[in-house]
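Here are my notes on the model, as numbered points.

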Amino acid sequence: MESQQQQSPAVETPLLLNSNQDHQDRPSPEIDGGGGGGGGEGVNDDLDRTLEWLETFLTLLGFNQSSKQSLVLSWIVFLSIGLVLPVTVLELGHCLGCERYQYKSFELNIVVSQALLAGVSLLCVSHNLRKHGIRKFLFVDQLSGRMDRLKAQYIQQILNSVRLLAVWSLPCFALKGVREIIRMYYVPHDQPWLSVAILLSMILSWTYLSTIFLAASAMFHLVCNLQVIHFEDYAKLLEGESEISLFIYEHMRLRHYLSKISHRFRIFLLLQFLVVTASQFTTLFQTTAYSGRITYINGGDFAVSAVVQVVGIILCLHAATKISHRAQAIASVASRWHAMMSCSSTDSTQIRASPSGVHLEATTNPPISFPISRSDSDVESMDHYMRMPVTNQFPSYMSMSSYHKRQAFVLYLQMNPGGITIFGWTVDRHLINTIFFIELSLVTFVLGKTVVFGTE
């Protein structure tokens with residue numbers, strides 16, 4: 001019992017320590033408080049500054065609703081800029097004889113769909129941030145006592161997510177700006193300042209709503225990619241010879257974090273899919289049932305808003321499927337590790353005996369490294385060499401006991417794959433294929449109702 005209590009600090013952080021490093025030289029997670037050693041203070045400061053910068057950015061978008069004042073202010077700004085401003089501009093800027101260049105029904109549909117998506121994003125993400133805070137929201141606190149290498153990867157992933165948001169937002173903003181400028185040219189008003197005011201108001205409202213939606217998708221993408229770091233580190237743990245209980249404990253911990261992520265984002269993902277689907281099919285109904293000519297001037301916003309919605313869906317689906325398949329691939333890595341360990345315990349020591357069975361001679365084979373092929377898909381990449389351990393001992397009861405433990409561990413991983421789920425449905429390739437065929441069936445149904453019957 002005492003020996004188990006002495007090993008408990010190591011159980012908390014088995015993934016963080018190198019096999020050649022003394023566990024007693026590192027401070028415990030409770031004492032360290034997220035430091036990970038004196039040499040990691042600079043990395044900790046960088047991580048804290050990065051999190052503060054990210055929290056400030058989310059506050060500017062209205063996601064930080066930690067107090068009643070900030071909550072009320074955030075939703076007032078959202079309703080004013082995202083809904084009241086564009087509807088007022090459409091009512092004031094509407095002119096008779098301009099239906100060819102500005103169809104009011106199209107514009108209102110786009111404003112409502114963008115506002116709904118942004119409202120769902122703002123509601124779900126702000127609720128999680130208010131309840132958990134930025135560190136627990138990103139599961140940064142689980143790094144307490146861990147290697148500085150993981151913290152550096154955390155910083156890199158946060159910067160990559162913000163960069164990804166900028167890469168997708170800027171082209172959409174450019175398309176929207178070009179479209180509004182062209183429409184201002186074809187829809188003249190009595191006073192030039194009114195045209196400029198309408199132009200700036202529509203761009204401001206659309207940019208605000210689209211940025212909120214894409215930022216929420218980028219946050220989910222970031223949370224999933226941060227967990228990928230830990231699954232990669234967990235796969236590397238199988239190179240060493242550790243207790244099976246440590247492997248099971250760490251896998252249970254990783255699955256627990258995935259369950260938390262699924263629970264926090266399941267409403268957001270579900271509502272996002274529903275709103276995007278409803279918006280796209282409303283657009284399909286309106287465009288196919290419209291008897292006039294649809295051009296980039298009167299219907300260009302459909303294309304721009306569709307690009308934004310598809311980008312947000314792709315960010316979420318890519319992140320969810322990536323972490324799901326990375327979690328499922330652990331079973332394959334563990335099976336390969338189990339086979340190597342089992343083969344090394346019997347084949348690494350070859351026993352030569354005379355026909356009479358009197359003379360025995362043991363010869364040991366050199367260590368063998370099995371290369372794991374690098375896949376082009378980062379979903380399945382576990383890029384490292386796994387060395388086969390070599391032992392000079394003959395098979396015994398202890399080795400057989402280890403074999404059964406490894407077999408039970410592999411069976412446990414196969415029966416508990418893990419991944420991002422939405423009310424029990426794992427977000428992986430099978431679910432994406434199902435969604436694709438459902439959407440394709442709905443598109444065919446809508447086209448049959450509008451195009452075929454309209455022609456008849």
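1. Helix H4 (residues 68–92) and helix H7 (residues 192–237) have axes that come within 9 Å and cross at roughly 140°. Axes here are lines fitted to C-alpha atoms over the stretch in contact, with angles from 0 to 180 degrees between N-to-C directions. H4 is therefore oblique to H7 (under 35 degrees counts as roughly parallel, over 145 as roughly antiparallel, 65 to 115 as roughly perpendicular, the rest as oblique).

2. On the H4 side, the residues in contact (heavy atoms within 4.5 Å) include Phe78, Ile81 and Gly82, and on the H7 side they include Met202, Tyr208 and Leu209. By class, this contact holds 13 nonpolar, four polar and no charged residues (Ala, Val, Leu, Ile, Met, Phe, Trp, Tyr, Cys and Pro are nonpolar; Asp, Glu, Lys and Arg charged; the others, Gly among them, polar).

3. The model is predicted: local features need pLDDT of at least 70, side-chain atom pairs count only at pLDDT 80 or more, and totals for chains, interfaces and linings use all residues. Residues are numbered from 1 along each chain as its sequence is written, and side-chain values use heavy atoms, with hydrogens and water left out.

4. Helix H5 (residues 104–137) and helix H8 (residues 244–289) cross at roughly 175°, their axes coming within 10 Å. H5 and H8 are therefore roughly antiparallel to each other. Their contact has 12 nonpolar, 11 polar and two charged residues.

5. For the protein chain, 11 helices and six strands are assigned (DSSP runs, H or I of at least four residues and E of at least two, numbered from the N terminus). Of its 456 residues, 45% are buried (under 20% relative accessible area, 1.4 Å probe, protein chains only).

Key
Buried < 20%, exposed > 50% of the residue type's maximum accessible area, 1.4 Å probe, protein only.
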